[in-house]
Amino acid sequence: MDIEIYKNFLTIVNTSNITQAAEELHITQSALSKQIRMLEDFYGCELILSARGRQKIILTEAGRILYEKASHICNLAASAKDELQDVKAGLTGTLRLSIAYSRSTLLMERTLKDFALKYPKITFDIKEAIAAEQTQQLLNGISELGITLTNLSSPDYFEVLFSRPETLSAVFNANSPFLPAKSSLNLEDLKELPLSISEGVKALFQAQCQEAGFAPQIVSSSTTKSTSLLWAVHNIYVAIVPSEPGETYGSRLVVKPITDKNINFRKNIVRVKGRPLSNAAQLFLDFYKEQRFKESKVNN
């Protein structure tokens, strides 16, 4: 049965008058009456009690049941259409991300929460991992986009979709006995300091210190950036962490950028080369780029 006939039947019942329903639907009264007869023939029972001179229609028990079912059918059809259009537009689906540990909290605060509010029908599958694990998650199709801070294993397999330089910073407690007066530091300034660092930047930092002729005093190595910072919060160690433009850590901590030219970190968003993005992933990528563009205009 054509769903338009169900819709017209609902209009007839809701207006309680075939003449008024015909005017509302912009079709003839005879055409509506013919549709009622088609429904009655199809279901084999009378739907509307008819009597000469009656202005308002009266449903039979069968008509009342059909009204409830037709309402459900039409609502279901409308819902299916809306959901399919959402899928087509990328407004639904699952966003599958592999995120470097040091980036997850900031990504939630700056991007994911706003993205979720704008696109409430999109769900999330987020993996936090070190670079080697991110590589496997992306290559195996577990994650679709990788948000990385260091180069992934097998970089030739990946395409960079977005890239921005990051600053490596030393973070001190405001009352730290190690807090220097100068606004920025070089690696030599860190030579004698007890350091906490996250795994995501540890290897590159150690390599750069080795090139500078010393081994850093790393006394705490942790999976997450937040744990590294806690040592500084409690005024025990100096945290070595990557920082985004405009990122702050509260009044208890003082951030000193490390300005050695060889310290080169970039935050990248990557995918496997040649692998198309889902609508949800493309929507996120566009949203993320737009946010960063607005931030850069404000900062400049």
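Helices (H or I, at least four residues) and strands (E, at least two) are DSSP runs, numbered from the N terminus. The model is predicted: local features need pLDDT of at least 70, side-chain atom pairs count only at pLDDT 80 or more, and totals for chains, interfaces and linings use all residues. Residues are numbered from 1 along each chain as its sequence is written, and side-chain values use heavy atoms, with hydrogens and water left out.

**Exercise 1.** State how many helices and strands the chain has, and explain why the chain is described as more spread out than a compact globule.

*Solution.* Step 1: the chain contains nine helices and 11 strands. Step 2: its radius of gyration (taken over C-alpha atoms) is compared with the globule rule, 2.2 Å times the number of residues to the power 0.38. Step 3: the radius of gyration is 32 Å, well over the 19 Å that the rule gives for 300 residues, so the chain is more spread out than a compact globule. Step 4: along its principal axes, the C-alpha trace spans about 105 × 40 × 35 Å.

**Exercise 2.** Determine whether Gln 35 is buried or exposed, and identify which residues Gln 35 touches.

*Solution.* Step 1: Gln 35 is located in helix H3 (residues 29–43). Step 2: buried means under 20% relative accessible area, exposed over 50%, partly exposed in between (1.4 Å probe, protein chains only). Step 3: Gln 35 has 16% relative accessibility and therefore counts as buried. Step 4: with contact meaning heavy atoms within 4.5 Å, Gln 35 touches Ile 5, Asn 8 and Ile 27, not counting residues up to four places away in sequence. Step 5: for the chain as a whole, 41% of the 300 residues count as buried.
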